Structures are given as structure tokens and as C-alpha cells.
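Thank you all for coming. I would like to walk through one chain of this structure, going from its overall build to its contacts, so please keep the view open as we go.

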Amino acid sequence: MTEQNFEAAKSAPTSADDDENAATTKASKQVIVPDISGILDQIDAVLEKNSEEFVSGFVQKGGQ
Amino acid sequence: MTVHRIMGIETEYGISSPNNLGINPTILCAAVVNAYSDFLFPGRSKPMRWDYYVESPFNDVRGYEVERELADPESWTDIDIGMPNLMLPNGARFYVDHAHPEYSGPEVTNPRDAALWDMAGDRILDVAAGMASELTGNLITIYKNNTDGKGASYGTHENYQVARDVPFDNFVKHLTPFFVSRNIWAGSGRVGLGQESRTSGFQISQRADFFEARVGLETTVNRPIINTRDEPHADPNKFRRLHVIVGDANMSPAMTFLKMGATALVLSMIEDSALDLAIDLTDPVLEMQSVSRDYEFAHELQLTDGTSLRAIQIQRMYLTAAQNYMANKPHDAMTQEVLNLWREVLDALESDNESLVGTVDWVTKKSVLDSYRLRDDLGWQDSKLKAIDLQYSDIRADKGLAYLMQRNSMTTELFTDLEVERAMINPPEDTRAYVRGKSVQSYGQSVVGASWESLIFQISPDEPLKRIGLPDARGYSATETAHLFAKQDELIEFVSNLEQLINEQH
């Protein structure tokens, strides 16, 4: 998805917030958010709850 | 038949224990490898060791050897520091590489097998980490990625056997622009710009920010686009092992397949002097980063002759050269598959890259990120997006986002679960990985040490150890040695027969 299209999608009216309507055809200027929106709640369910802690806690030593 | 050559992939994984954040990662790694060792070789008193006799990490392909004292201690990969080091029944190496568990897949002869045994490695890590978590009572998590976003990077290395008599400069000249541009489809995506993610944003490649040199021997600092390590693990008069450190880890097997296959084609063209592309980038290191930050493919890479090319144009030039090269040569279905996929991916990148969701890792990752940005109104600095980036590569089937998409039939699949399970326990049949893997399968408790080129057996406690050299990477395959294993002889008989077979060959 291009940045332009993304920005357009963000400022679009309420249909952009509706997961079901997100997978529309390409007729409109808003480029589809691909099917991903349909699985966001599945992703929500497995995503680490405290993302700040999760991310800051992931520290590695350099490798090859 | 040019996607076919000896090749293999080594992956250093990220490792963490969320409830023990201060713990020394080497300890976590040892727990993971040891858990798997205990599973494979229950009740074993002495752990398996790596046979370092033939390692030569200080040999530079440019024809000299670096003094050990001058080399970064991190590069002293030839010393046994007492960490577990396993030859697996599938012919792979599984060990602790400093602070990362590393799975080095067995030698294979083609990109599909490379991707299969690479995927088997992910499953092995998952099993091993699960066992270690249970044994230690602490959750240990594994990530198939290349950076913590805080300045550390670790690699996914590709290895290709190439002809020794090709001047190394030819590899440098032709591979540099290929690798710099390859990330447009091979990259796995990253939230954060700069080695320490000081600038927020998204980039195509996990590794690009960590490359600081054009050519060099190092792998842990001052990383070069073209690595000059010269450890062929084969007849040094005939072969080199090109050690490629520049790529990202891929969750998508299609991208692992394409990465190995397309690169193999480029190598064939180099070996045959069939590439006349004169793409001399003014600053390849800078361009690696510029290409990575340009996911709309507008950036023009500067050439020393004053012209410029976009990354996608460079890839097209290599693809076209490969298509022309293969046009009047007989070639097999797999080679054609690589060419087709390469073309489809480039076409899609230029037109409708949404069709690449589920195939190209960075596109897949970005589509998830964009959906969250939209729904939750997030900026690139938001930790939720960094969490998604990281969790994309979690190798647990029930937590990893790449696997979640696979369950939703959103990803390009290359292998059945059964094929992957088989590759976890069986070696490829067409390289020396076969004899190593089968020896470990059948006589594992008596294999005291191994390397790519050797097996060390303990026949009996009071006799000296028996070392069998395996100098030929294509040798001692199923065709030549399966009958030895089928006999199910006692160890002493088996070793004697194996030795005799090898002596007859050399």
C-alpha cells in the first residue's frame, strides 16, 4: 500500500473503521486494506499485551 | 540445471526469557540445545562435540590469513568453548553461537531443499525451546529475525559452493548490485531506522543498517556486503564456499526458495562469464540503506559512470540476463520455477504489491502494520508496531504472526507438514549430509564428534577414537551408503565398511 493511499484511507469516513467494509473493491480512491483487517482480532488475541515492556525487554547480543 | 549446486543456510535466532530478562543469553542457548540433545540421546554421559580440526575462519579468500590476535575474538569460531554442539540426525548442526542458538542446515543441492531443511530448523528450534522451557520452568522464546532494534544484529547466512578458478573480484563486481537490490523482495521488514532505531519509520530490510563495508572478512563488526571467508569444507583446489551474510531471515519459504535460487542463477552466470552488466555503484553501503528505506521504489541508485538506476531496474537486469542465459540451455522445472517466481514478484512489486502479501515477508509484515496504524491510529514510533514486527518472527505456531496468517490460508506454502516433519529427522539424500545424518540416527550414542567433513566414533572405551574424513560434499550420499545403514551392523562393522567405501573412492 502506498503512503498516499494509506493517508487517504486514514482520513476517510467511517467505512474505513469498519473491518467488514475494509475489504472493498478498488473502485474507490481508498486502496483496500487487504484481508488482514479480517484477522486483526485473531492477531489482537495473541499479541503480547504490554507491547512497551515486550519490546524493551527484547535485548540481544550481537551475532554474525 | 543451474539452480542446482551445493548450498545451505545457517540461521542465528533471537532468544529471550521474558520472566528472566537479566539472564545471560548463552545460558538460555545452552538450555535449548541441551534439551534437544537429551531428547535425541537420552542418558548420554558426554555431549557431542564439534570437530574443529578443519575450521579456518581466518583464511581470507583474497589469499592471506589474518593473525588470530588481530582478529576480533568474536570471529574465533574454531575454538570449542564447551558449549553443546550437535550433529543432528538430519545432517544439520545445532549449537550455541556465542549468544544465539544456531541451526546450520545440511548441505543440499537445490533451493527447494534449502528452504525445506531451513523450515525444519525452525520446527526444531520450537521443539527444543519448548522442552527447555519445561525443564527450566521458565518460558524461553525464539525469534527468526536479525535485530533487537537496539544496536545488535545477528545473521541468516547463505552458503553456495562455487568454482575456485573464478577470480573473486568477479563475484564482488556482480554480486554487490544484486545483493543491494535483492532486498526489495527478500527483505523481511523492520520498524525503526538506524542501528538503534533512533528514527521512527519502516524499512524493507532487517539487516541493511548493519552493513558498513563493501568487502571484508569480519562478520560481527564492520560487516561487509561481500564476505571473504574462505572455508570451503571441500576440495580447496576446485571449490570455494561463498559465505553470504547480507540477507534477512525469511519466514516465507517462497522467499527462501527464491533467494537461494535466484542467487544460484547469478552465480552460474558469473562462473560462465555470462554477465556483462556494468553496474558499478558509487556507494554500495549507502545504497543498501537507501534501498531499504524506499518501499515505493522511487530511489535512484548512483553509478560511477554518472547514470542511475532504481533497485527494481537492477533486479530486472539480473532476471533478464538469467532468462537469456537459460533460453538456449536445457533446464529443469525447478530452474524454470525460480525464473517464473522471480518475474512474478518483480511484476507485482511494480504494479500491485498487495498480491505479494503472504509471499514477500516485508509486504506481509507491512500490511499487518498498516492495518493497525489505520485501526488504532498509530505512528511508527508506537511500541505496538514494534511488537508486531517482533512477533511476526516468533517461531511458536500459536504466537507467531506469520503462522497465524498461514492458518488463515494467507501465505504461499511450499511444503506439507509431513515433509517438514520428515526433514526434521532425515537428512537430504544427495550430499554427504546423508552419511552424517544417518550415522547419527543409527549410531548416535557412539558419535562423539562431527563436523561438516568428518565423523568421530567411539568404538569402545579403551580404543582410540576413530575419525572418518568426508572431504567430498556430494559424496557418501544415499546412493553410495544407504546399503551400509540397511545392514544394521554393529558399530565396529559399520565403521570399517564405511572407511573401506571412502578409501575406495579416493
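Let us begin with chain B, which has 14 helices and 20 strands, where helices (H or I, at least four residues) and strands (E, at least two) are DSSP runs numbered from the N terminus. Please keep in mind that this is a predicted model, in which local features need pLDDT of at least 70 and side-chain atom pairs count only at pLDDT 80 or more, while totals for chains, interfaces and linings use all residues. Residues are numbered from 1 along each chain as its sequence is written, and chains are lettered from A and ligands numbered from 1 in the order in which they are written.

As to overall dimensions, the C-alpha trace of chain B spans about 70 × 55 × 50 Å along its principal axes. A compact globule of 506 residues would have a radius of gyration near 23 Å, and the 22 Å of chain B agrees with that; the radius is taken over C-alpha atoms, and the globule rule is 2.2 Å times the number of residues to the power 0.38.

Chain B is divided into domain 1 (7-422) and domain 2 (432-505), with bounds that come from an automatic or database domain assignment. The C-alpha centres of these two domains of chain B lie 31 Å apart, and 20 residues of domain 1 are in contact with 20 residues of domain 2, contact meaning that the C-beta atoms, placed from the backbone, lie within 7 Å.

Within chain B, consider helix α2 (residues 111-136) and helix α4 (residues 253-271), whose axes come within 8 Å and cross at roughly 140°; axes are lines fitted to C-alpha atoms, for helices over the stretch in contact, and angles run from 0 to 180 degrees between N-to-C directions. That angle makes α2(B) oblique to α4(B), since angles under 35 degrees count as roughly parallel, over 145 as roughly antiparallel, 65 to 115 as roughly perpendicular and the rest as oblique. Among the residues making this contact are B:Pro111 and B:Met119 of α2(B), and B:Phe257 and B:Gly261 of α4(B).

Which chain does chain B touch, and with how many residues? 41 residues of chain B are in contact with 30 residues of chain A. On the side of chain B that touches chain A, β2 (14-16), α8 (361-376), α9 (383-391) and α10 (401-407) each supply at least two residues, and α9(B) gives the most, with seven.

Note on methods:
Two residues are in contact if their C-beta atoms, placed from the backbone, lie within 7 Å.
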